[in-house]
Amino acid sequence: MLEQLLIFTRGGLILWTCKELGNALKGSPIDTLIRSCLLEERSGAASYNYDAPGAAYTLKWTFHNELGLVFVAVYQRILHLLYVDDLLAMVKQGFSEIYDPKRMVYDDFDETFRQLRMEAEARASELKRSKQVAMKPVNNARKQGQDQKTGFGENKKSNSGLADVGDAERTKSHQLENGYSNGNRVIESKLTAVVNGKENASSNVGAFDVNKLQKLRSKGGKKTDTVVNKGSKEESKKKVTKKNRVWDDKPVEAKLDFTDPVGENGENNIEVLAADQGQSMMDKEEVFSSDSEDEEDEEGSQGSKLEAKKKGWFSSMFQSISGKASLDKADLEPALKALKDRLMTKNVAEEIAEKLCESVAASLEGKKLASFTRISSTVQNAMEEALVRILTPRRSIDILRDVHTAQEQKKPYVVVFVGVNGVGKSTNLAKVAYWLLQHKVSVMMAACDTFRSGAVEQLRTHARRLQIPIFEKGYEKDPAIVAKEAIQEASRNGSEVVLVDTAGRMQDNEPLMRALSKLINLNSPDLVLFVGEALVGNDAVDQLSKFNQKLADLSTSPNPRLIDGILLTKFDTIDDKVGAALSMVYISGAPVMFVGCGQSYTDLKKLNVKSIVKTLIK
Amino acid sequence: MEGAEQWKVQVEQLKVHMEHWLEQGLELVHQIPPIQLYVGVAVLLFTTLLLLLTRLFNRRKSNIILLSGLSGSGKTVLFYQLRDGSSHQGTVTSMEPNEGTFVLHSEITKKDKLKPVHLVDVPGHSRLRAKLDEFLPQAAGVVFVVDALDFLPNCRAASEYLYDILTNASVVKKKIPVLILCNKADKVTAHTKEFINKQMEKEIDKLRVSRSAISDADISNDFTLGVPGKAFSFTQCHNKVTVAEASGLKGEVSEVEQFIRENV
Ligand SMILES: Nc1nc2c(ncn2[C@@H]2O[C@H](COP(=O)(O)OP(=O)(O)OP(=O)(O)O)[C@@H](O)[C@H]2O)c(=O)[nH]1
Ligand SMILES: [Mg+2]
């Protein structure tokens, strides 16, 4: 049964709901859908799952972009209603005929809807019947195909495996695009745990839209569910062990370039640095010049221009003067393709670029092109707006204010730095410490990297230079315990902020991830800061989503702590390839709080959203 | 070669023609009596000046009122209440601003012709905040809607948003008046405007410290609030900041209408 069908404007006014269905929805699925899916540039997805106490809904939607209308259908997830897409399309068609922006009440649509629904239901049941006749062979073939695909996608490791899936299939696939509002995620993974048995919960990652397993699993529809599921579970296990070995063989990574040679001798002649390296760049407004990039851009856009030329310049000019009737998928395709390629040359992960383009397409399809505009510029503007939306933090990133709040409660403010190996955690921890010192906040460091040799000494060097206390317990101890003692020590000696350095770990290293989860659970820090390299491309998605996933899965508490913020390092080395910032923010929903951009303590900045968007688009 | 030569000749001819016309034109000007000329120039100057003045005048008397505030505070309900006197069948989270130029619903029946208002309901979702900056420079007034029912958990977020508005360059420079509207006053558990006023002042006082620290270097475009060394109060703002209660859902919006009339 359909639970509800709503029609509302993009401005947020409900125009019509089905009174016949009438039953009130539990929780607020519509608002959640808008906030954590449609406004997060995930509207290209096929459906959205919403869980509230006593309800598990699936929501589907469609836009009428020219009229600015949104149509949403809500139904119980267990029902797998087949006719919903069909019905939504018909409702959209029917309603757009009678819609008038000045009119607010559409009671006469009740009757139309009743008919449409009956039609859709009848058609669906007919389809089912005809399918049942030729059921068996088709189903088998499908199963095989699915298994193969699962293996393929997994082995490839890079996300480009997705590109191999045909277009039609991709749009049909039930990508479980969940937002990442905390509560939602927990319930989701719990629920799947109940349904699929507990073991599955770790591999079945309904919560993250990037999850390939989930995507592949659901692609075959419910019938192949169990089979594919088993396969993918094995796959993932294999993968983990493989990764482990790689990890063990890997030599301890090179020391961060910044540190002085560690060891007794080196330590003696370290000059003391009393906050005199000047102002941290965090406090400086960045003047962004994009002259050099502009030139490059022209080349990029020429490519798309050439493509447009193929269509014949006369017809395209005529179109641009008269304004086209309405944009359809085929019109948008070339411009979107060019834009996607451009994003990817800026190092945006392919998967993210793909999703963004889908979302932009969803918001433009059916829209009328204004006179004297080109499709490519319309698409570009829409993308620009989308990028600004994504990169604008959802919550305040005013750390100093948070520190003051903690101060009032007489608690130290605890920041845990996490990330993979060699990204510059300790160096940037020191930069953050320097910045805090400049604002008269007393800082303490906690050396909780008890895994890699030399890590503690490296941090000690920084602490001496900055003349701030450091809490260390050598390499023997459990990092979670070290952190706990450090925090206790901080409240004793009145330090206002504790910066916790942790061991770098690959996202697939189960034991180390478990240790991290323990550290975070035990100490409930105020901020979990993911330190990531601005150089990463497709791997950014994998790192962040796996970190979040592991933290969620391994947590013992019902409300697991996830990554709250991102620190991007080595930003000075990437030129215009700023895509990692976008990939990381999109996939985790966490804002970029700091940007490390050089070798000295002052080289820490805020992210300049405007300049990043400019660089990405051009 | 020949073509080029021909072309040259043509150009020469054109030149001669032009010179001729120019002479004729000048002669014509000389024939006009000087007084007429002066009058003509004066008229031209006068009209351009008038145009410029009306432009300036118009800009100062903009009729744009913004509805801002966190998501879920009740802006869209308020928008339709002011426009149509009804919130229709309810609302969901807005994805785009609602805009409209109209005479307030309660004033339609009034005899004397009133100036229509351009009302903009800016979505509260933080991802859409950037939209507000587009509208602020032209605004004649800002209504900052606060959810009085669910106030405490949102106090800090609301204060941060309000802080950003109060320190916005256009708001400070043009002294755009701000009305803090404690919405949902129809419910008995709603906080009073006095309480909300006080809590937000306290919160902004704290924000002042941390924000000014962040923006040491860019004071030029980020204005500081209040008097240094003194607890912050809205009365210290150079623009007028007032507090009022309302209920968008129940249509008790007289104080908003009053605010709009004062500023449009
Ligand atoms: N009790 C009560 N509820 C109200 C009042 N005004 C709005 N609401 C409720 O508050 C909820 C949100 O109202 P909206 O107007 O959609 O909120 P908004 O400020 O437009 O939110 P965004 O569009 O997300 O920025 C709705 O469920 C309304 O029913 C009011 O005066 N009293
Ligand atoms: Mg709204």
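**View 1. The surface and make-up of chain A.** Chain A exposes about 27200 Å², and 54% of that area is supplied by carbon and sulfur atoms. Keep in mind that this is a predicted model. Chain A has 618 residues, and 55% of them are buried. Counting up its secondary structure gives 23 helices and 13 strands. What about contacts between residues at least 6 apart in the sequence of chain A? Of these, 76% join residues at least 24 apart.

**View 2. An open sheet in chain A.** Here five strands of chain A line up in the order β2-β1-β5-β4-β3, with antiparallel pairing. Which strands stand at the edges? They are β2 (14-17) and β3 (48-52) of chain A, and each has a single partner strand, so one side of each is left without a neighbour in the sheet. Going from one strand to the next, the twist averages 25 degrees. As a bit of background, strands of a sheet pair through backbone hydrogen bonds, and they can do this in a parallel or antiparallel way.

**View 3. Zooming in on β1 and β2 of chain A.** Strand β1 of chain A covers residues 2-9, and it pairs with β2(A) in the antiparallel sense over three bridges.

View 4. Chain B splits into domain 1, running over 2-58, and domain 2, running over 62-263. How many Å separate the centres of domain 1 and domain 2 of chain B? Taken over C-alpha atoms, the separation is 54 Å.

Terms used:
Residues are numbered from 1 along each chain as its sequence is written. Chains are lettered from A and ligands numbered from 1 in the order in which they are written. This is a predicted model: local features need pLDDT of at least 70, side-chain atom pairs count only at pLDDT 80 or more; totals for chains, interfaces and linings use all residues. Side-chain values use heavy atoms; hydrogens and water are left out. Helices (H or I, at least four residues) and strands (E, at least two) are DSSP runs, numbered from the N terminus. Buried means under 20% relative accessible area, exposed over 50%, partly exposed in between (1.4 Å probe, protein chains only). Contact means heavy atoms within 4.5 Å. Accessible areas come from the Shrake-Rupley method with a 1.4 Å probe; for residues, only the protein chains shown count as cover. Domain bounds come from an automatic or database domain assignment. Two strands pair if DSSP finds at least two bridges between them. Axes are lines fitted to C-alpha atoms, for helices over the stretch in contact, and angles run from 0 to 180 degrees between N-to-C directions.
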